[in-house]
Structure formats: C-alpha cells, structure tokens
Amino acid sequence: MFNFDTLTKGTVAAAVGLSVFASAAFAEVTIRVQSVIPAKADEVFMLEEFAKDVSDLTGGEVKIEVLPAGAVVGVRETLDAVDAGLIEGGFAWTHYWSGKHPAAMLFGSPVAGAGVGIDNIAFVSWFQYGGGKELYDELWEQMGVNVKGFMLQPVGPEALGWFKEPIESMADFRKYRFRTPPGIPGQTYKDIGVASVAMGGGDILPALEKGTIDAAEWCCPKPDSVFGFQKVLKHYYLQGLHQVVVNADLYLNGDVYNSLTPGQQKAIEVAANASLSKAMSYRIYENGKALKDLTENHGVILHDTPADYFTEYMAAAKASLEKNAAENEFFAKVWQSQKDFAEIAVPFWAGAQTSNANLGRAFADTLK
C-alpha cells in the first residue's frame with residue numbers, strides 16, 4: 001500500500017480549463033487517462049481493451065486516450081490531478097490512496113482476503129451484488145475528491161514470492177530480508193517477525209543482485225518474469241495471503257463524467273463490468289504461460305507455501321484490520337459489509353473451490 005502525499009489542489013486548479021473534454025454541443029468526447037505504470041505493462045494492455053469497448057459501445061463518441069506514467073503529472077499526483085481536472089482520468093490501484101483514507105485498502109488490496117476468506121472472484125461478487133459498489137462510490141465522498149471510480153481489473157492471489165533456498169516453515173522464512181508491499185500487507189509481515197523491506201518494483205532486482213534483500217515478492221508469474229527475478233532466485237512459492245485480491249481501477253473527474261450523456265455513462269459502466277471478467281481471464285492464461293516457461297526453461301522450482309505461514313499471517317492481518325476499524329468509522333463500515341457478505345458467501349464458495357482446486361491439482365500432478 002502506498003501512502004502518497006496529496007498534491008495541493010491550488011497548484012493544479014488553474015489547469016482545469018485545459019481539460020480536453022467536449023461540451024454538450026459536441027458529440028465526440030476525448031478522455032485522457034494517465035496510468036501509474038509504463039505503457040508496456042499487462043494492465044495497460046487490458047486498459048486499452050476497455051477503451052476500445054467504450055468507443056465501440058458509443059459508436060466512437062467517447063474516446064479514451066491512455067497516457068503512460070508521468071505523461072502529465074507524477075505518479076503520486078495522479079488522483080489529485082483527476083480531482084482538479086488537470087487530467088480527465090487516471091488509472092491505478094486504489095490502495096495507493098490510503099494516505100487520503102485507510103478504507104482505500106479494503107477496495108484496492110484487502111489484506112488476507114479482508115481477513116474473512118474473500119478471494120478475487122468472491123470480491124467481485126461483493127462489489128457487484130453485496131453492497132460494495134455503493135460503498136466504493138461513497139469512498140470518494142469520504143476522501144473529499146471530485147471523482148467517479150470504476151473497478152476494472154481484479155487480480156489475485158499474488159504469489160508469496162522468490163527465495164534463494166527452500167523454506168519449510170516460518171522459522172526458515174524469518175531468516176530472509178524480504179521485499180514486501182508497503183502499508184498494511186508489509187506491516188503484517190513485520191508483525192509475524194519477517195524482516196519486511198518496502199521498495200518500488202524497479203528497485204527489486206538490483207537489490208537482490210546487491211544482496212540488500214534476500215527474497216522478494218511482486219505479483220504473479222508473468223509480471224515477476226518480466227522483472228527478471230528468475231535470474232537471481234530459483235525457488236518460487238505461489239500461495240500467498242498478503243494480496244489475495246488486488247484491483248486496478250479507473251478514476252474520472254466528476255465534472256467530466258457528469259458531462260456525458262446517460263447512454264455514454266452506461267457504456268462506460270458496461271465496459272467496466274466486462275473488464276472485471278476479461279482481466280481475470282487474461283491473467284490466468286498469461287500467468288500459466290509464464291509459469292510454464294519459468295519452470296521448463298529457467299530452472300525455477302515451484303513449491304507449496306509452509307502451512308504455518310497461513311495461520312500466522314491471517315491472525316496478524318485480522319489484528320491490523322481490527323485496529324483500523326476501531327480508529328475509523330467508514331473503514332469499520334466497509335469491513336463490516338465484507339464480513340456480512342463473507343458469512344453468507346464464503347462457506348459455499350470455499351467448499352465449491354475445494355472441488356475446483358482438487359480437480360486442477362489432479363491434472364497438474366499428471367504433468368510433473
């Protein structure tokens with residue numbers, strides 16, 4: 001989780017008049033969306049697909065122009081720039097803005113499945129039918145920003161990470177200096193005695209090569225292989241709890257969104273709903289291809305995560321969630337909604353997923 005400093009609204013408010021969106025007198029609208037990641041990332045590829053869907057659904061009336069990180073403002077200023085109208089849209093993970101409100105984590109990266117067993121598919125169910133969307137809309141009001149948000153790309157679970165040697169228990173894990181996400185996920189590792197080191201993605205491989213850290217996590221087989229971790233570490237663990245659910249989202253300036261016709265707004269909503277499914281579908285296949293390449297061509301050895309990791313990390317994550325809920329009323333409201341949903345949905349979904357997991361394992365074991 002990133003606690004980004006807020007950009008002073010006064011420094012960007014003067015640029016509102018430069019926004020490139022059409023008035024009601026014009027049929028075509030161009031919305032510039034600046035991403036927080038480079039143009040070659042998988043997330044941007046999927047964002048471009050979303051943009052094409054919006055254009056097709058509106059007969060070309062609404063065009064989304066995807067800009068790379070830093071094109072107009074710095075990564076840390078993205079949400080504030082959208083709020084002020086300097087750019088019409090932004091694309092990031094909502095937990096980046098936890099410095100504005102701690103509940104942002106519950107939408108962008110609810111640690112350990114919100115502590116109640118919610119995986120990435122169940123999270124979409126909560127968002128679409130369990131009251132999550134209404135709370136997500138309320139989040140921007142709580143932050144005090146003029147933003148309309150859309151969830152686009154649920155990913156997860158992220159891999160536990162990469163190690164020099166196999167780990168058979170938490171005692172082995174604690175021997176390593178381990179790159180983790182910032183914020184609650186990383187703090188939870190510290191709470192269970194892991195030497196957690198937060199750093200940006202581009203810094204991880206150099207730090208491994210220099211010995212600044214001994215082990216690392218980033219995301220999943222495809223993004224991890226792009227970073228090149230397999231050049232330094234060979235022992236890979238897929239099952240992790242720190243980011244079971246991670247969502248990349250679209251943020252539109254509220255005035256820009258309100259200037260669209262009802263039909264154009266519906267097109268964005270429909271394209272966003274389609275993206276929730278397409279993103280998961282794309283990632284399953286891309287990560288499958290990457291994992292096959294890593295194990296067959298780069299000497300990577302795949303392991304199961306030690307059992308005591310799950311009990312220790314879950315307990316620490318739940319304690320952290322309880323602390324935040326006690327300190328913030330809206331955080332408590334969102335987390336209670338997730339807990340209420342989980343009481344109904346998780347027993348069914350966990351049982352059904354056990355069948356799916358056993359089915360897949362039975363086939364995967366025949367390939368070894």
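The following legends describe several views of one predicted protein model.

**View 1. Overall fold of the protein.** The predicted chain forms 15 helices and eleven strands. Its C-alpha atoms occupy a box of roughly 65 × 45 × 40 Å along the principal axes. A compact globule of 368 residues would have a radius of gyration near 21 Å, and the protein has 21 Å, so the two values agree. Of the contacts with a separation of 6 or more, 78% join residues 24 or more positions apart.

**View 2. The largest nonpolar core.** This core comprises 93 residues, among which F50 and F173 have the most contacts inside it. Helix α15, spanning residues 329-366, supplies the largest share of the core, with eight residues.

**View 3. The surroundings of F173.** Which residues does F173 touch, leaving aside those up to four places away in sequence? The partners of F173 are L160, F163, I167, F178, Y189, V194 and Y309. F173 is itself one of the residues with the most contacts inside the largest nonpolar core.

View 4. Of the 368 residues in the protein, 54% are buried. The protein exposes about 15800 Å², and carbon and sulfur atoms supply 56% of this area.

**View 5. Charged side chains.** The protein carries 30 positive and 44 negative side chains. The centres of these two sets lie 4 Å apart.

Methods: Residues numbered from 1 in each chain as written. Predicted model: local features only at pLDDT ≥ 70, side-chain atom pairs only at ≥ 80, totals over all residues. Heavy atoms only, no water. Core = buried A, V, L, I, M, F, W, Y, C linked by side-chain atoms within 4.5 Å. Buried < 20%, exposed > 50% of the residue type's maximum accessible area, 1.4 Å probe, protein only. Helix = DSSP H or I, 4+ residues; strand = E, 2+ residues; numbered from the N terminus. Contact = heavy atoms within 4.5 Å. Rg over C-alpha atoms; globule rule 2.2 N^0.38 Å. Areas by Shrake-Rupley, 256 points an atom, 1.4 Å probe, with all protein chains shown as cover. Lys, Arg positive; Asp, Glu negative; His and termini not counted. Charge placed at Lys NZ, Arg CZ, Asp CG, Glu CD.
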